[in-house]
Amino acid sequence: MTEHELSLIKKNLDEMSPEDAARVMTGLSNAKRLVEIISLIPGSREEYLNDKEGFIDTYNVYLSVKESDFLIAPSDPDEKIAIISDGKRLAEMPESFFRFRQFTGNKIVYRNRMIKELCEPQNERMKKWRRRQIKRCDGALGGLNDSFVHTVVTYELNTGCSVGCSFCGLDAGPLRKIFRYTPENAKLFRGVLGACHRVLGDAAGHGMMYFATEPLDNPDYEKFEADHYEEFHIIPQITTAVPDRDIERTRYFIREITNGRGFIHRFTIRSEEMARKVLESFSPEELLMVELLPRFPEAPAFVPYVKTGRQAEAGSAMTDADQGTICCVDGFCINFPDRRFRLISPARTDKTFSKGIYESEWVTFADADDFEQKPVKMLITKKNK
C-alpha cells in the first residue's frame with residue numbers, strides 16, 4: 001500500500017473523500033468477486049494461471065495481476081503469510097487484499113456480537129435456556145458451534161418448500177401452503193411480531209423469516225419484510241436456493257441489504273450454471289453483502305454436506321465428522337400458515353435427531369393475544385428444562 005492508502009486504514013468510508021471511498025469499495029468488492037469465481041467455477045484457478053490477464057478481462061475483475069496473485073496465487077505462500085502476520089509490513093500488502101481481509105474479520109466480529117449480545121433475549125427464562133443450549137452444543141458439536149448465532153426466533157411464511165434440494169439438511173417437505181398478505185394475515189403477523197418483541201426483546205428482530213422453507217416461495221415476502229422492518233428497524237437475513245428464479249426480484253433484496261438495513265444475505269449456489277448466471281447478473285458491488293454458498297460437488301470450494309435430513313437418508317454410513325447439524329436457532333419456530341409454533345435447538349445428528357434438531361411438540365395459537373401467553377409457559381415445563 002502507498003503512504004496515502006496506509007493513512008486511510010483507521011478511517012470509515014464517510015470520513016474519506018468520495019474518490020478514496022469509491023476506490024476502496026471497488027477493490028474490496030472485486031477481491032471478494034475473484035475469490036468467489038475461484039471458489040465456484042470448476043477449473044477457474046487453472047484458467048487464471050494459464051492466462052492471468054485474459055482471465056481478468058473475461059470475468060471483468062477490476063484488479064491488477066499483482067493484486068490477484070497476492071490474493072489467490074502467491075508465488076511464495078510462506079512470504080505472504082509472513083507479510084500478513086507482521087503489522088510492520090502492511091505497506092507490502094495490496095490495499096484490495098487488506099480491505100477484503102478487514103471486511104471478513106469485521107463480519108466475524110459482528111457474528112460474535114450477535115451470539116453474545118444481539119440474540120440474547122430479555123426474558124430471563126429464555127435467556128437461561130438459550131445459554132444452556134449453547135453450552136450443550138459446545139460439547140455435542142465442537143467447533144461447528146462457533147459459527148451458530150443461536151437466534152431466538154424464526155418465522156415461517158410457508159409450509160414446505162418448492163425447491164426440493166437433494167441436500168436439504170432439514171428434509172423440508174413439498175410446498176403445501178403460502179401465507180399471503182391479506183388484511184387478516186397482516187394483522188396476525190404484525191401482532192405476533194409485537195408479541196415476540198415484548199417477550200424476547202430486540203433479539204426477536206434478529207430472527208429469520210424462513211426455516212424449513214424457501215423464503216422467496218412467498219410472493220408477498222417483501223410486504224412482510226416491510227412490517228418486520230417497521231417493528232425492529234432491521235430486515236431479516238435471507239438464505240435462498242433460487243436467487244436466479246427472478247433476477248430483478250432478487251436485486252430488490254440485494255438493494256435492501258446494501259442500503260444498510262440488514263447484515264447479510266446468502267445464496268445457495270446449486271450448479272455451475274447458476275453460479276455463472278448470478279455472477280453475470282450482479283456486479284461485485286451488488287454482491288458485497290451476499291455470501292455465495294457452493295452446494296454442488298464440482299465447485300472447487302465445495303465441502304461435503306453434513307449428513308442430516310435428506311443427506312442422512314441418502315445412504316452411506318455417517319462418520320463422527322458427518323454428524324453435525326445446519327440448525328442455528330435456539331428458540332421458537334413460528335409457522336404462520338398453520339398457526340402453530342414449537343421450540344427448537346441444534347442437536348448432534350443421530351437416530352433420535354435425524355435432522356440435527358431438537359423439536360418440541362407443535363403448539364397451536366388462535367391469534368396474536370393467544371400466542372403471547374404461550375411461549376413463556378412452554379419454557380417452564382419440565383420437558384424443556
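Which order do the strands of the open sheet of three strands take, and is their pairing parallel or antiparallel? I went through this predicted model with that question, and I noted the order β4-β5-β6 with parallel pairing. The edge strands are β4 (239-240) and β6 (290-294), each of which pairs on one side only.

**Entry on β4 and β5.** I then looked up how β4 is joined to strand β5 (residues 265-269), and I found two bridges, with the strands running parallel. For Thr 240 I wrote down Phe 267 as the bridge partner in β5.

**Entry on α2 and α7.** Staying with helix α2 (residues 18-40), I looked up its packing against helix α7 (residues 95-118), and I noted an angle of about 75° with the axes 8 Å apart. Angles of 65 to 115 degrees count as roughly perpendicular, and α2 and α7 are therefore roughly perpendicular to each other. On the α2 side I listed Arg 23, Val 24, Gly 27, Leu 28, Ala 31, Lys 32 and Val 35 as making the contact, and on the α7 side Glu 95, Ser 96, Arg 99, Phe 100 and Phe 103. Sorted by class, this contact has six nonpolar, two polar and four charged residues.

**Entry on Asn 123.** In the loop between α7 and α8 (124-141) I looked at Asn 123.

**Entry on β7 and its partners.** I turned to strand β7 (residues 329-335), which is mostly covered, with seven of its seven residues buried. Strand β1 (residues 151-156) pairs with β7 in the parallel sense over five bridges, and I noted Asn 335 of β7 as the bridge partner of Glu 156. With strand β8 (residues 340-346), by contrast, β7 runs antiparallel, and five bridges join these two strands. Gly 331 has Ile 344 of β8 as its bridge partner. Last, I checked the hairpin of β7 and β8, where four residues stand between the strands and Arg 339 takes a positive phi near 50°.

Note on methods:
Residues are numbered from 1 along each chain as its sequence is written. This is a predicted model: local features need pLDDT of at least 70, side-chain atom pairs count only at pLDDT 80 or more; totals for chains, interfaces and linings use all residues. Side-chain values use heavy atoms; hydrogens and water are left out. Axes are lines fitted to C-alpha atoms, for helices over the stretch in contact, and angles run from 0 to 180 degrees between N-to-C directions. Angles under 35 degrees count as roughly parallel, over 145 as roughly antiparallel, 65 to 115 as roughly perpendicular and the rest as oblique. Contact means heavy atoms within 4.5 Å. Ala, Val, Leu, Ile, Met, Phe, Trp, Tyr, Cys and Pro count as nonpolar, Asp, Glu, Lys and Arg as charged, and the others, Gly among them, as polar. Buried means under 20% relative accessible area, exposed over 50%, partly exposed in between (1.4 Å probe, protein chains only). Two strands pair if DSSP finds at least two bridges between them.
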